[in-house]
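This briefing covers the chains, the nonpolar core and a surface patch. Look at the sequence and the structure first, then read the points below.

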Amino acid sequence: MMNCRDVGLLMSLALDQNLTQSEARGLEEHIRQCPTCQEEWEAMQRISRTFTDAPLMGPPPGFADRVMQRLAQRQARRQRLLAGAALLVVCLSLVALALPEIVRWLALLWQVITEPSLLSHGAKLTAQLLDLAESLGGACWLIITALSSSLNQLALLGYSLLVLALTALWIRLVAGRRVGYRPVVNGV
Amino acid sequence: MEEEKVWIQRALAGDQEAFACLVKAYQTAVYNLAYRMLGNAAEAEDAAQEAFLKAYTRLKTYDSGRKFSSWLLAIASHHCVDRLRQRRFALSLDELPPWRWLSSSRRPEEVVIRSQERDEVRQLLAQLPPHYRAAVILHYWHDLSYQEIAEATETTESAVKSTLYRARRMLAQGTQAHQNKQMVSLAQRAVAEG
(Lines give C-alpha, C1' and ligand atoms only; values in the text may rest on other atoms or scores of the structure.)
Protein backbone atom coordinates (compact mmCIF):
# COMPACT_ATOMS: atom_id res chain seq x y z
CA MET A 1 0.00 0.00 0.00
CA MET A 2 1.38 3.40 -1.02
CA ASN A 3 1.64 6.23 1.48
CA CYS A 4 -0.02 9.63 0.94
CA ARG A 5 3.32 11.36 0.26
CA ASP A 6 4.19 9.05 -2.66
CA VAL A 7 0.68 9.28 -4.01
CA GLY A 8 0.86 13.08 -4.34
CA LEU A 9 3.59 12.95 -6.98
CA LEU A 10 1.80 10.10 -8.76
CA MET A 11 -1.37 12.20 -8.95
CA SER A 12 0.58 14.95 -10.68
CA LEU A 13 2.16 12.48 -13.11
CA ALA A 14 -1.24 10.89 -13.73
CA LEU A 15 -2.61 14.26 -14.86
CA ASP A 16 0.12 14.27 -17.53
CA GLN A 17 -0.56 10.61 -18.48
CA ASN A 18 2.87 9.70 -17.27
CA LEU A 19 2.21 6.64 -15.12
CA THR A 20 2.96 3.00 -15.72
CA GLN A 21 0.03 0.62 -15.47
CA SER A 22 1.09 -0.67 -12.06
CA GLU A 23 1.55 2.88 -10.73
CA ALA A 24 -1.89 3.84 -12.05
CA ARG A 25 -3.42 0.79 -10.34
CA GLY A 26 -1.67 1.63 -7.05
CA LEU A 27 -2.84 5.23 -7.23
CA GLU A 28 -6.42 4.22 -7.97
CA GLU A 29 -6.43 1.77 -5.07
CA HIS A 30 -5.01 4.33 -2.64
CA ILE A 31 -7.47 7.05 -3.67
CA ARG A 32 -10.38 4.68 -3.22
CA GLN A 33 -9.33 4.00 0.38
CA CYS A 34 -8.06 7.46 1.44
CA PRO A 35 -10.67 10.28 1.55
CA THR A 36 -7.99 12.96 2.08
CA CYS A 37 -6.12 11.97 -1.07
CA GLN A 38 -9.38 11.57 -2.94
CA GLU A 39 -10.29 15.19 -2.17
CA GLU A 40 -6.85 16.38 -3.23
CA TRP A 41 -7.04 14.37 -6.44
CA GLU A 42 -10.42 15.86 -7.34
CA ALA A 43 -9.15 19.39 -6.66
CA MET A 44 -6.05 18.76 -8.79
CA GLN A 45 -8.18 17.44 -11.65
CA ARG A 46 -10.47 20.48 -11.44
CA ILE A 47 -7.52 22.89 -11.55
CA SER A 48 -5.91 20.96 -14.39
CA ARG A 49 -9.15 21.19 -16.42
CA THR A 50 -9.33 24.92 -15.78
CA PHE A 51 -5.85 25.39 -17.22
CA THR A 52 -6.42 23.02 -20.14
CA ASP A 53 -9.64 24.83 -21.13
CA ALA A 54 -8.09 28.30 -20.98
CA PRO A 55 -7.22 29.61 -24.47
CA LEU A 56 -3.88 30.83 -25.77
CA MET A 57 -3.95 34.63 -25.49
CA GLY A 58 -2.93 36.48 -28.65
CA PRO A 59 -1.26 39.89 -28.67
CA PRO A 60 -3.12 43.08 -29.71
CA PRO A 61 -3.02 43.93 -33.45
CA GLY A 62 0.21 45.50 -34.70
CA PHE A 63 2.36 43.80 -32.07
CA ALA A 64 5.02 42.57 -34.53
CA ASP A 65 5.31 46.03 -36.08
CA ARG A 66 5.81 47.56 -32.65
CA VAL A 67 8.55 45.04 -31.85
CA MET A 68 10.37 45.91 -35.07
CA GLN A 69 9.95 49.62 -34.44
CA ARG A 70 11.42 49.21 -30.96
CA LEU A 71 14.27 47.13 -32.34
CA ALA A 72 15.11 49.87 -34.84
CA GLN A 73 15.01 52.51 -32.10
CA ARG A 74 17.25 50.44 -29.87
CA GLN A 75 19.78 49.80 -32.61
CA ALA A 76 19.90 53.48 -33.51
CA ARG A 77 20.46 54.36 -29.85
CA ARG A 78 23.20 51.74 -29.57
CA GLN A 79 24.97 53.09 -32.64
CA ARG A 80 24.76 56.61 -31.21
CA LEU A 81 26.26 55.40 -27.95
CA LEU A 82 29.11 53.62 -29.72
CA ALA A 83 29.84 56.63 -31.88
CA GLY A 84 29.70 58.88 -28.83
CA ALA A 85 32.15 56.64 -26.98
CA ALA A 86 34.55 56.65 -29.94
CA LEU A 87 34.37 60.43 -30.16
CA LEU A 88 34.97 60.74 -26.45
CA VAL A 89 38.12 58.63 -26.74
CA VAL A 90 39.38 60.77 -29.62
CA CYS A 91 38.61 64.02 -27.75
CA LEU A 92 40.29 62.77 -24.59
CA SER A 93 43.36 61.76 -26.60
CA LEU A 94 43.58 65.23 -28.12
CA VAL A 95 43.13 66.85 -24.72
CA ALA A 96 45.84 64.60 -23.28
CA LEU A 97 48.26 65.77 -25.97
CA ALA A 98 47.65 69.41 -25.13
CA LEU A 99 47.51 68.84 -21.37
CA PRO A 100 51.09 69.94 -20.48
CA GLU A 101 50.53 73.25 -22.25
CA ILE A 102 47.14 73.76 -20.60
CA VAL A 103 48.63 73.13 -17.17
CA ARG A 104 51.43 75.56 -17.85
CA TRP A 105 48.96 78.14 -19.05
CA LEU A 106 46.78 77.68 -15.97
CA ALA A 107 49.81 78.00 -13.72
CA LEU A 108 50.73 81.27 -15.41
CA LEU A 109 47.18 82.53 -15.18
CA TRP A 110 47.09 81.67 -11.49
CA GLN A 111 50.36 83.51 -10.99
CA VAL A 112 48.95 86.60 -12.72
CA ILE A 113 45.68 86.51 -10.79
CA THR A 114 47.47 86.25 -7.47
CA GLU A 115 49.73 89.24 -8.30
CA PRO A 116 48.66 92.45 -6.50
CA SER A 117 48.56 94.54 -9.65
CA LEU A 118 46.95 92.92 -12.67
CA LEU A 119 47.52 95.85 -15.01
CA SER A 120 51.25 95.87 -14.49
CA HIS A 121 51.40 92.36 -15.77
CA GLY A 122 49.13 92.92 -18.76
CA ALA A 123 51.96 93.10 -21.22
CA LYS A 124 53.62 90.05 -19.68
CA LEU A 125 50.37 88.10 -19.88
CA THR A 126 49.88 88.98 -23.53
CA ALA A 127 53.39 87.84 -24.28
CA GLN A 128 52.80 84.61 -22.39
CA LEU A 129 49.54 83.98 -24.25
CA LEU A 130 51.36 84.47 -27.50
CA ASP A 131 54.02 82.06 -26.27
CA LEU A 132 51.29 79.58 -25.40
CA ALA A 133 49.65 79.88 -28.83
CA GLU A 134 53.04 79.34 -30.40
CA SER A 135 53.64 76.30 -28.19
CA LEU A 136 50.22 74.81 -29.06
CA GLY A 137 50.87 75.38 -32.73
CA GLY A 138 54.28 73.76 -32.27
CA ALA A 139 52.68 70.80 -30.51
CA CYS A 140 50.22 70.30 -33.35
CA TRP A 141 53.02 70.55 -35.90
CA LEU A 142 55.05 68.04 -33.91
CA ILE A 143 52.09 65.61 -33.84
CA ILE A 144 51.60 65.94 -37.58
CA THR A 145 55.29 65.48 -38.35
CA ALA A 146 55.54 62.58 -35.87
CA LEU A 147 52.56 60.87 -37.52
CA SER A 148 53.88 61.50 -41.01
CA SER A 149 57.27 60.08 -40.10
CA SER A 150 56.01 57.05 -38.16
CA LEU A 151 53.05 56.22 -40.43
CA ASN A 152 53.02 55.95 -44.15
CA GLN A 153 51.00 58.42 -46.18
CA LEU A 154 48.10 56.02 -46.66
CA ALA A 155 47.68 55.65 -42.89
CA LEU A 156 47.87 59.41 -42.48
CA LEU A 157 45.17 59.84 -45.10
CA GLY A 158 43.05 57.21 -43.29
CA TYR A 159 43.55 59.01 -39.98
CA SER A 160 42.48 62.32 -41.53
CA LEU A 161 39.40 60.73 -43.05
CA LEU A 162 38.56 59.15 -39.70
CA VAL A 163 38.76 62.50 -37.97
CA LEU A 164 36.54 64.04 -40.64
CA ALA A 165 34.05 61.16 -40.43
CA LEU A 166 33.89 61.38 -36.65
CA THR A 167 33.31 65.10 -36.83
CA ALA A 168 30.51 64.61 -39.34
CA LEU A 169 29.03 61.89 -37.15
CA TRP A 170 29.19 64.13 -34.11
CA ILE A 171 27.28 66.86 -35.95
CA ARG A 172 24.66 64.31 -37.01
CA LEU A 173 24.41 62.98 -33.46
CA VAL A 174 23.86 66.40 -31.99
CA ALA A 175 21.19 67.05 -34.62
CA GLY A 176 19.67 63.58 -34.13
CA ARG A 177 19.24 63.86 -30.36
CA ARG A 178 16.03 65.78 -30.66
CA VAL A 179 13.93 62.61 -30.40
CA GLY A 180 14.65 60.47 -27.35
CA TYR A 181 13.74 56.83 -26.79
CA ARG A 182 10.16 56.06 -25.91
CA PRO A 183 8.86 52.55 -25.15
CA VAL A 184 6.44 51.32 -27.78
CA VAL A 185 3.31 50.00 -26.13
CA ASN A 186 -0.08 49.72 -27.64
CA GLY A 187 -2.60 51.87 -25.86
CA VAL A 188 -4.09 49.00 -23.85
CA MET B 1 10.56 24.27 -40.09
CA GLU B 2 12.87 24.70 -43.10
CA GLU B 3 11.43 28.18 -43.56
CA GLU B 4 12.15 28.92 -39.90
CA LYS B 5 15.81 27.88 -40.32
CA VAL B 6 16.13 30.21 -43.28
CA TRP B 7 14.63 33.08 -41.29
CA ILE B 8 17.08 32.42 -38.45
CA GLN B 9 20.06 32.33 -40.81
CA ARG B 10 18.97 35.55 -42.49
CA ALA B 11 18.28 37.26 -39.16
CA LEU B 12 21.76 36.23 -38.00
CA ALA B 13 23.14 37.97 -41.07
CA GLY B 14 21.33 41.14 -39.95
CA ASP B 15 18.17 40.84 -42.04
CA GLN B 16 15.47 42.46 -39.93
CA GLU B 17 12.65 41.39 -42.25
CA ALA B 18 13.55 37.78 -41.55
CA PHE B 19 13.45 38.48 -37.84
CA ALA B 20 10.03 40.11 -38.33
CA CYS B 21 8.85 36.78 -39.80
CA LEU B 22 10.04 35.02 -36.64
CA VAL B 23 8.22 37.59 -34.50
CA LYS B 24 5.00 37.05 -36.43
CA ALA B 25 5.34 33.28 -36.17
CA TYR B 26 5.88 33.28 -32.39
CA GLN B 27 4.12 36.42 -31.20
CA THR B 28 1.11 34.53 -29.79
CA ALA B 29 3.26 32.04 -27.90
CA VAL B 30 5.50 34.69 -26.36
CA TYR B 31 2.65 37.08 -25.58
CA ASN B 32 0.57 34.33 -24.01
CA LEU B 33 3.48 33.31 -21.79
CA ALA B 34 4.02 36.91 -20.69
CA TYR B 35 0.30 37.48 -20.16
CA ARG B 36 -0.13 34.34 -18.09
CA MET B 37 3.01 35.08 -16.09
CA LEU B 38 2.28 38.73 -15.37
CA GLY B 39 -1.54 38.73 -15.46
CA ASN B 40 -1.71 42.15 -17.07
CA ALA B 41 -2.13 43.01 -20.76
CA ALA B 42 -0.04 46.19 -20.89
CA GLU B 43 2.84 44.70 -18.93
CA ALA B 44 2.60 41.49 -20.97
CA GLU B 45 2.99 43.45 -24.22
CA ASP B 46 6.04 45.28 -22.90
CA ALA B 47 7.59 42.06 -21.57
CA ALA B 48 6.89 40.17 -24.80
CA GLN B 49 8.49 42.97 -26.84
CA GLU B 50 11.52 42.89 -24.54
CA ALA B 51 11.77 39.12 -24.90
CA PHE B 52 11.94 39.42 -28.69
CA LEU B 53 14.57 42.15 -28.45
CA LYS B 54 16.65 39.97 -26.15
CA ALA B 55 16.23 37.06 -28.57
CA TYR B 56 17.50 39.24 -31.41
CA THR B 57 20.63 40.28 -29.55
CA ARG B 58 21.30 36.70 -28.38
CA LEU B 59 20.48 35.01 -31.66
CA LYS B 60 24.13 34.01 -32.07
CA THR B 61 23.85 31.85 -28.95
CA TYR B 62 20.93 29.85 -30.39
CA ASP B 63 21.81 26.19 -30.81
CA SER B 64 20.19 24.98 -34.03
CA GLY B 65 19.91 21.50 -32.57
CA ARG B 66 17.28 22.81 -30.18
CA LYS B 67 13.69 23.81 -30.92
CA PHE B 68 13.61 27.55 -31.63
CA SER B 69 10.27 27.92 -29.84
CA SER B 70 11.71 26.38 -26.64
CA TRP B 71 14.75 28.67 -26.81
CA LEU B 72 12.57 31.73 -27.33
CA LEU B 73 10.11 30.76 -24.58
CA ALA B 74 13.05 30.20 -22.21
CA ILE B 75 14.16 33.80 -22.80
CA ALA B 76 10.62 35.10 -22.29
CA SER B 77 10.13 32.98 -19.19
CA HIS B 78 13.39 34.23 -17.59
CA HIS B 79 12.45 37.79 -18.38
CA CYS B 80 9.01 37.42 -16.78
CA VAL B 81 10.41 35.68 -13.70
CA ASP B 82 12.86 38.58 -13.28
CA ARG B 83 10.03 41.08 -13.59
CA LEU B 84 7.94 39.26 -11.02
CA ARG B 85 10.86 39.17 -8.60
CA GLN B 86 11.29 42.89 -9.01
CA ARG B 87 7.72 43.57 -8.06
CA ARG B 88 7.62 45.02 -4.58
CA PHE B 89 3.96 44.39 -3.98
CA ALA B 90 3.02 40.91 -5.12
CA LEU B 91 -0.70 41.15 -4.48
CA SER B 92 -2.93 43.89 -5.70
CA LEU B 93 -6.37 44.52 -4.25
CA ASP B 94 -8.19 43.00 -7.20
CA GLU B 95 -6.48 39.63 -6.81
CA LEU B 96 -9.27 37.67 -5.20
CA PRO B 97 -8.83 34.17 -3.76
CA PRO B 98 -8.62 31.58 -6.52
CA TRP B 99 -11.19 29.27 -5.00
CA ARG B 100 -13.95 31.83 -5.51
CA TRP B 101 -14.46 30.49 -9.02
CA LEU B 102 -13.83 26.88 -8.19
CA SER B 103 -16.41 26.48 -5.47
CA SER B 104 -18.84 23.66 -6.23
CA SER B 105 -21.60 25.56 -4.40
CA ARG B 106 -21.74 28.21 -7.11
CA ARG B 107 -24.93 30.24 -7.27
CA PRO B 108 -26.94 29.95 -10.52
CA GLU B 109 -26.25 33.57 -11.46
CA GLU B 110 -22.54 32.93 -11.15
CA VAL B 111 -22.35 31.66 -14.69
CA VAL B 112 -18.77 31.56 -15.80
CA ILE B 113 -18.36 33.91 -18.73
CA ARG B 114 -15.20 34.31 -20.73
CA SER B 115 -13.79 37.23 -18.75
CA GLN B 116 -14.37 35.38 -15.51
CA GLU B 117 -12.58 32.35 -16.87
CA ARG B 118 -9.59 34.56 -17.52
CA ASP B 119 -9.82 35.93 -14.00
CA GLU B 120 -10.00 32.45 -12.60
CA VAL B 121 -6.86 31.38 -14.39
CA ARG B 122 -5.11 34.62 -13.53
CA GLN B 123 -5.99 34.30 -9.87
CA LEU B 124 -4.88 30.69 -9.73
CA LEU B 125 -1.53 31.51 -11.33
CA ALA B 126 -1.07 34.51 -9.06
CA GLN B 127 -0.91 32.16 -6.09
CA LEU B 128 2.22 30.48 -7.39
CA PRO B 129 5.84 31.60 -6.95
CA PRO B 130 7.38 32.81 -10.25
CA HIS B 131 9.31 29.65 -11.16
CA TYR B 132 6.33 27.38 -10.37
CA ARG B 133 4.18 29.63 -12.51
CA ALA B 134 6.62 29.41 -15.43
CA ALA B 135 6.66 25.61 -15.31
CA VAL B 136 2.86 25.40 -15.16
CA ILE B 137 2.38 27.80 -18.09
CA LEU B 138 5.01 26.13 -20.27
CA HIS B 139 3.38 22.79 -19.53
CA TYR B 140 -0.29 23.65 -20.02
CA TRP B 141 -0.26 26.29 -22.77
CA HIS B 142 2.89 25.53 -24.72
CA ASP B 143 2.92 21.74 -24.59
CA LEU B 144 6.56 21.60 -23.62
CA SER B 145 7.81 18.24 -22.42
CA TYR B 146 9.40 17.85 -18.98
CA GLN B 147 12.80 17.88 -20.71
CA GLU B 148 12.02 21.08 -22.62
CA ILE B 149 10.72 22.80 -19.48
CA ALA B 150 13.88 21.71 -17.69
CA GLU B 151 16.00 23.33 -20.42
CA ALA B 152 13.90 26.50 -20.41
CA THR B 153 14.04 26.89 -16.64
CA GLU B 154 17.63 25.63 -16.32
CA THR B 155 16.83 22.74 -14.07
CA THR B 156 16.47 18.96 -14.26
CA GLU B 157 13.60 16.84 -15.51
CA SER B 158 12.94 15.42 -12.06
CA ALA B 159 12.93 18.95 -10.61
CA VAL B 160 10.26 19.88 -13.18
CA LYS B 161 8.10 16.93 -12.15
CA SER B 162 8.49 17.98 -8.56
CA THR B 163 7.73 21.64 -9.34
CA LEU B 164 4.55 20.76 -11.22
CA TYR B 165 3.47 18.49 -8.39
CA ARG B 166 4.12 21.16 -5.75
CA ALA B 167 2.31 23.81 -7.78
CA ARG B 168 -0.73 21.59 -8.28
CA ARG B 169 -0.73 20.58 -4.65
CA MET B 170 -0.43 24.19 -3.51
CA LEU B 171 -3.46 25.17 -5.60
CA ALA B 172 -5.45 22.08 -4.63
CA GLN B 173 -4.83 22.61 -0.93
CA GLY B 174 -5.75 26.28 -1.28
CA THR B 175 -9.14 25.42 -2.76
CA GLN B 176 -9.73 22.64 -0.23
CA ALA B 177 -8.89 24.89 2.71
CA HIS B 178 -11.31 27.49 1.46
CA GLN B 179 -14.07 24.97 0.94
CA ASN B 180 -13.56 23.58 4.46
CA LYS B 181 -13.72 27.09 5.86
CA GLN B 182 -16.99 27.67 4.03
CA MET B 183 -18.46 24.43 5.39
CA VAL B 184 -17.48 25.31 8.98
CA SER B 185 -19.01 28.73 8.54
CA LEU B 186 -22.27 27.23 7.17
CA ALA B 187 -22.39 24.71 10.03
CA GLN B 188 -21.89 27.45 12.63
CA ARG B 189 -24.67 29.51 11.06
CA ALA B 190 -27.01 26.52 11.05
CA VAL B 191 -26.29 25.87 14.76
CA ALA B 192 -26.83 29.55 15.57
CA GLU B 193 -30.16 29.55 13.74
CA GLY B 194 -31.16 26.48 15.75
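In chain A, 70% of the contacts with a separation of 6 or more join residues 24 or more positions apart. In chain B, the corresponding share is 64%. The model behind these values is predicted.

**Chain A**
- Chain A has 188 residues, and 23% of them count as buried.
- Its secondary structure consists of six helices and zero strands.
- Read from the N terminus on, the elements of chain A run α-α-α-α-α-α.

**Chain B**
- Chain B has 194 residues, of which 48% are buried.
- Eight helices and zero strands make up the secondary structure of chain B.
- Along the sequence, the pattern of chain B is α-α-α-α-α-α-α-α.
- The accessible surface of chain B is about 10,200 Å², with 51% belonging to carbon and sulfur atoms.

**The largest nonpolar core**
- In soluble globular proteins, nonpolar side chains tend to be buried together.
- How many residues are in the largest nonpolar core here? The number is 82.
- The members that touch the most other members are Phe51(A), Phe19(B), Met37(B), Phe52(B) and Phe68(B).
- The element that gives the most to this core is helix 2 of chain B (residues 16–38), which supplies 14 residues.
- Which residues are in contact with Phe19(B), leaving aside its neighbours within four places in sequence? From chain A these are Met68(A) and Leu71(A), and from chain B they are Ala11(B), Phe52(B) and Tyr56(B).

**A nonpolar patch on the surface**
- Five residues of chain A form a nonpolar patch on the surface: Val95(A), Leu99(A), Ile102(A), Val103(A) and Leu106(A).
- Together, the residues of this patch have about 410 Å² of accessible area.
- One of them, Val103(A), is found in helix 4 of chain A, which covers residues 63–114.
- Is Val103(A) buried, partly exposed or exposed? Val103(A) counts as partly exposed because its relative accessibility is 48%, and the partly exposed class lies between under 20% for buried and over 50% for exposed.

Notes: Residues numbered from 1 in each chain as written. Chains lettered and ligands numbered in written order. Predicted model: local features only at pLDDT ≥ 70, side-chain atom pairs only at ≥ 80, totals over all residues. Heavy atoms only, no water. Core = buried A, V, L, I, M, F, W, Y, C linked by side-chain atoms within 4.5 Å. Buried < 20%, exposed > 50% of the residue type's maximum accessible area, 1.4 Å probe, protein only. Helix = DSSP H or I, 4+ residues; strand = E, 2+ residues; numbered from the N terminus. Contact = heavy atoms within 4.5 Å. Patch = residues over 30% accessible without salt bridge, like charges linked within 9 Å, V, L, I, M, F, W, Y side chains within 5 Å. Areas by Shrake-Rupley, 256 points an atom, 1.4 Å probe, with all protein chains shown as cover. Salt bridge = Lys/Arg side-chain N within 4 Å of Asp/Glu carboxyl O.
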